Amino acid sequence: MATDDLASQVLALVSSSSYLPLTLKRIAKQLKVGDDAYADLRAAIKAMIRDGTLELRGDKTLVRPQTKGTIVGTFRRSSKGFGFVRPSGGTGSKSDQIFIPPDASKDASTGDEVAVKIVKKSRGQGYNAEGRIVQVLARASGLFVGTYFERAGAGMVKIDGTAFNDPIYVGDPGAKGARTGDKVALEMVRYPTPFREGEGVITEVLGPRGRPGVDTLSVIRALNIPDAFDDDVLIDAREQAKLFDENVVEDRLDLRDRLTVTIDPATARDFDDAITLTRDDRGFWHLGVHIADVTHFVREGSALDKSARTRGTSVYLPDRVIPMLPEILSNSLASLQAGQTRYTVSAFIEFDPDGRRTDRDFARTAIRVDHRFAYEQVMWCIDHPDEPMEGVGPELRTMLVEMLELAMILRKRRFERGALELEMPEVEVDLGEQGEVVGAHLASHDRSHQVIEEFMLAANEAVASFLTAKQTPFLRRAHPDPELHKLQQFSEFARGLGFEIENPDSRFQLQKVLDEARDRPEAYAVHFGLLRSLKQATYTPDEIGHYALASDDYCHFTSPIRRYPDLHVHRRLLAVLAGKRPKGNIDELAVLADHCTKTERRAETAEREIIKIKLLTFLQSKIGEIFHAVIIAVEDFGFFARIIELPIEGLVHVGALEADYYYLESETHTLIGRRSGRTYRLGDELLVRVVRVDIDRRELELAIPRDESETAAEPGLPPSRTRPKTPPRPPKKVGPTKASSKKGPKRKEERKQKKKKKK
């Protein structure tokens, strides 16, 4: 019997609730292991003791390691071997994290849930408690992606990222037809430890490293994102397509004669939402938000439903979309295409002239979109009200103008109640015909986007408040209030940049800082700094509210084609409208909420990873070139700068600065050269040179051009500020950081004098 099979049997035995501590011999008897396999069992148990899966007690009995008195958290390993554990339920601040030395991390890898025992308590500010991992409770993933190579007649894989320093052994060379330089997916058989190399098995050869598309596939496999539908799911989708007859509106409210529009990106392929808007003689607004009725095609418990639930969300990547539903539905029958009869679930919301909601109603409907607008077209109509546009008649143009008017009224009211607006534009990658990167830009967010945003927010709130009033549990979109100490840290950060903030607990003062920073170089740092001070939004059945939106009742209702929580909310809403009791209890909803939150995080991670890979790939051909940049974060070891022409961040290490001693003035977020007085402050605009690109490790290294006459493609930006030659003393808690041990005659002379004294 294989050793791995025996280990699995032993683990199942000792983990059972009825297990009483047994010796090796008694375990062999319990598992009915004969003499021929006894040696294998003993070897398996020894290995389990060695890697911490089992614990040998003084009476020779075997038990699972005790986690009593331990702290459970998520482990993250650094590129240098050591790591940190972020305790579950903690604040997430650096000071709360537990330092794990390399030899105390067992075989844990980044993202694993672990149990930690504290071996050294924290010594105060600036020091972390030190711990030892006693057990890996749950693996983040057993799947990894890396680059294949061969060494000493064996196949090896260097895993992408910084989770593993050493390559993983994958057996005989050429497994699965892999060739040196290929990107491969592997399943970890044995996780590496500081004392033992890891071992894996190649499950798929993705293609040559660097070929367009292989980078995207690598991220998909690394995050275990399902990108193909099983046959039973496709069969179910085709059956639903056959049953659909757009000439039959059944018992739905027929709205096909109402002027209806969609507003989406020009490249959109699926259309979840459509809008109707009228205004009566009293000046009251009547907004109709019509959302694709995915429940008509995806029956609860069906193959389609199980697949959609597993995926949780569509994943939008620069060069492809991995849909939650098969394309016959997501891009066709469920999508609100212009000129086609489509089934919808509609929210009818009435507002008074001042934008206060005065009524709401919901119904299953049938619509026909009269005009599909791209955001750019709507913006053109808004900016050129008197100029004709092909296909856009007076009635349609009037509706667009009124949509903008209502949206701005709703937007103003939202900010008046304390909503926050963080401007963190998404990065959009520009691809060539062969899928290669030719550039990138920040996505726009103009008034045409704000129109749809406000209407979707209004619909989401209307549905959530309705279900709350009906005392019906549902998946809420929650954004918990931030920790006060986090907001206080942000306020200190903002004051250091010259912004006035007296009460960080006030959303109005926070928004005031965001508004004041908007046109300043520090804008990105300020907005990102506040974002890091806030908690992440999640799905939950609990009535928590949404902090950033200043909303007590909020849910996701408007995108059921691409988000499973929206599909769930549709089912709850339709059940209530039909006078039925929705299925499922709070515990089941909590499990679903946790799953949907995780799949959303996975999709966001995939998008960030592939965008970074593609931008780094583009910069690989720009080594030595100079770009404009702005400093977005300052540390004692250097600063991070964001390239303006290509929105990506890189590190300028102190060793890449002018030869000097640099110290961090934390109050002003400034690195100061002790001799030169040269400063690098948060928000400074400067020129940087691309020095090193490491795609596999996702790292970009930048430097300051040595020749001040060098410029980027466009006119240069202001140089960093220069202070007097004698700078102020650094704060007591912040010591100087050596910029370079190799350069500078004064530094060499100091080393000679030290050597003489030692002698």
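Helix 5 (residues 231–243) packs against helix 6 (residues 303–311) at an angle of about 120°, and their axes are 8 Å apart. Helices (H or I, at least four residues) and strands (E, at least two) are DSSP runs numbered from the N terminus. This is a predicted model, in which local features need pLDDT of at least 70, side-chain atom pairs count only at pLDDT 80 or more, and totals for chains, interfaces and linings use all residues. Residues are numbered from 1 along each chain as its sequence is written, and side-chain values use heavy atoms, with hydrogens and water left out.

**Exercise 1.** Describe how helix 5 and helix 6 are oriented, and find the residues in contact.

*Step 1.* Axes are lines fitted to C-alpha atoms, for helices over the stretch in contact, and angles run from 0 to 180 degrees between N-to-C directions.

*Step 2.* Angles under 35 degrees count as roughly parallel, over 145 as roughly antiparallel, 65 to 115 as roughly perpendicular and the rest as oblique. Helix 5 and helix 6 are therefore an oblique pair.

*Step 3.* Asp232, Val233, Asp236, Ala237 and Gln240 of helix 5 make the contact with Ala303, Leu304 and Ser307 of helix 6. Contact means heavy atoms within 4.5 Å.

*Step 4.* Sorted by class, this contact has four nonpolar, two polar and two charged residues. Here Ala, Val, Leu, Ile, Met, Phe, Trp, Tyr, Cys and Pro count as nonpolar, Asp, Glu, Lys and Arg as charged, and the others, Gly among them, as polar.

**Exercise 2.** Now describe the packing of helix 6 with helix 15.

*Step 1.* Helix 15 (residues 586–619) and helix 6 pack at about 65°, with their axes 8 Å apart.

*Step 2.* From helix 6, Arg309, Thr310 and Arg311 meet Leu592, His595, Thr599 and Arg602 of helix 15.

*Step 3.* The classes in this contact are one nonpolar, three polar and three charged residues.

**Exercise 3.** Decide whether Lys60 and Arg698 are buried or exposed.

*Step 1.* Buried means under 20% relative accessible area, exposed over 50%, partly exposed in between (1.4 Å probe, protein chains only).

*Step 2.* Lys60 lies in the loop between strand 1 (55–56) and strand 2 (62–63). Although not a glycine, Lys60 has a positive phi of about 70°. Its relative accessibility is 56%, so Lys60 counts as exposed.

*Step 3.* Arg698 sits in the loop between strand 32 (685–694) and strand 33 (699–703). Arg698 is not a glycine either, yet has a positive phi of about 60°. With 15% relative accessibility, Arg698 counts as buried.
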